[in-house]
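Take a look at the fold below.

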Amino acid sequence: MSWNIIGHEWAVEQLRRSILAGSDAHAYLLSGPPGLGKAAIAMQMALALNCERSPGDPCQECRACRRIARGNHPDVRVAGMASQGAALKADEAARQKELKIATVREWQRDISLRPYEGRRRVLILHDAERLNEESSNAMLKTLEEPPDYATIILVANSSELLPTIVSRCRVIRLRPLPRRQVAEALLARNIVAEDAELLAAWSGGRVGWAIQATAQPETIAARQEHLDALMQLGGQGRGAIFRWAEQRSKEYRGGEQEAVFTWLELWQGWWRDVLLVAAGCPDSVVNIDRREDLARMAARHPIPAIHAFVGRIGAAAQQLRENGNPQLVLENMLMHMP
Ligand SMILES: [Zn+2]
């Protein structure tokens, strides 16, 4: 496979064939949870569309392939929350929630110009789920009547986009990879077997996340610390719960929303595992290094209570997204812990 993508074979094959046959679309929407490899596929599409030696099957070596991969090809333009926040201070950038109309305008600025060097002008927009109505509308006309030589690739971490946008794109919905495939990808990168198994389980099929975690041991340490803290919280009184909620709430208001959502995901994953063990499916758990704790908790709580709490954590995340008061939302969630 010349696309250098781990997994997602069906998606790569579909894109490759359409490029080879000249039946590729003018606009794509790549969607799926973060860390699946969407950005890598978007980049490989830009290569496949512009490779000088073998269009469709990028050589990774020609001038076009190398320049695109390095991010300095004049016909490939990439934007997203990262580029929007690049000129801002870190805390200001973290507080940005939406892709602004100015970002979209700048990104699509010279779409009407023919490609300078390549065959196609490729515009990649990351975080497309963060387009607000105004910036979505600014893009509609481009999506409706793109020039013949342009390919627009929207990359989104969820499917929550305006229907008017989605209906104008060929949609490729990426799914998490099987755990085995993630573990094999890590083993091929010389990660020791035990760590590969653990990260593959934790990744939930997000191979990009797993590979990034191997390069950042602090991610792994932080995950373990957070889980320890959450486990202890269960055995402590209301005071500890209020303090925890207060701390997270401060982080949330200080622009670290993603960190708070990571806590909730971790906690929800934990209770989902407890539920799996309680239901007699221990092989599917994510926290494979804490099987004893899982078994202990599964034996201690009735299944309906565990099930209800998993739902409550999801509801808390939803309330935060809908601008609920973080302290109240988090306290309320924890007060119902089994
Ligand atoms: Zn090439």
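A residue counts as buried if 20 or more other C-beta atoms lie within 10 Å of its own, exposed if 12 or fewer, and partly exposed in between, with C-beta atoms placed from the backbone. Helices (H or I, at least four residues) and strands (E, at least two) are DSSP runs, numbered from the N terminus. This is a predicted model: local features need pLDDT of at least 70, side-chain atom pairs count only at pLDDT 80 or more, and totals for chains, interfaces and linings use all residues. Residues are numbered from 1 along each chain as its sequence is written.

Start with strand β4, residues 150-156. Here 7 of the 7 residues are buried, so the strand is largely enclosed by the rest of the structure. In a regular strand the side chains alternate between the two faces of the sheet. In β4, Ala 150, Ile 152, Leu 154 and Ala 156 point one way. Thr 151, Ile 153 and Val 155 point the other way.

Which strands pair with β4? Two strands pair if DSSP finds at least two bridges between them. Strand β1 (residues 27-31) runs parallel to β4, joined by 5 bridges. Ala 27 stands opposite Ile 152. Strand β3 (residues 121-125) also pairs with β4 in the parallel sense, over 5 bridges. There, Ile 124 faces Ile 153.

Now widen the view. The open sheet has 5 strands in the order β2-β3-β4-β1-β5, with parallel pairing. Its edge strands, β2 (76-79) and β5 (170-173), each pair on one side only. Val 78 has Ile 124 of β3 as its bridge partner.
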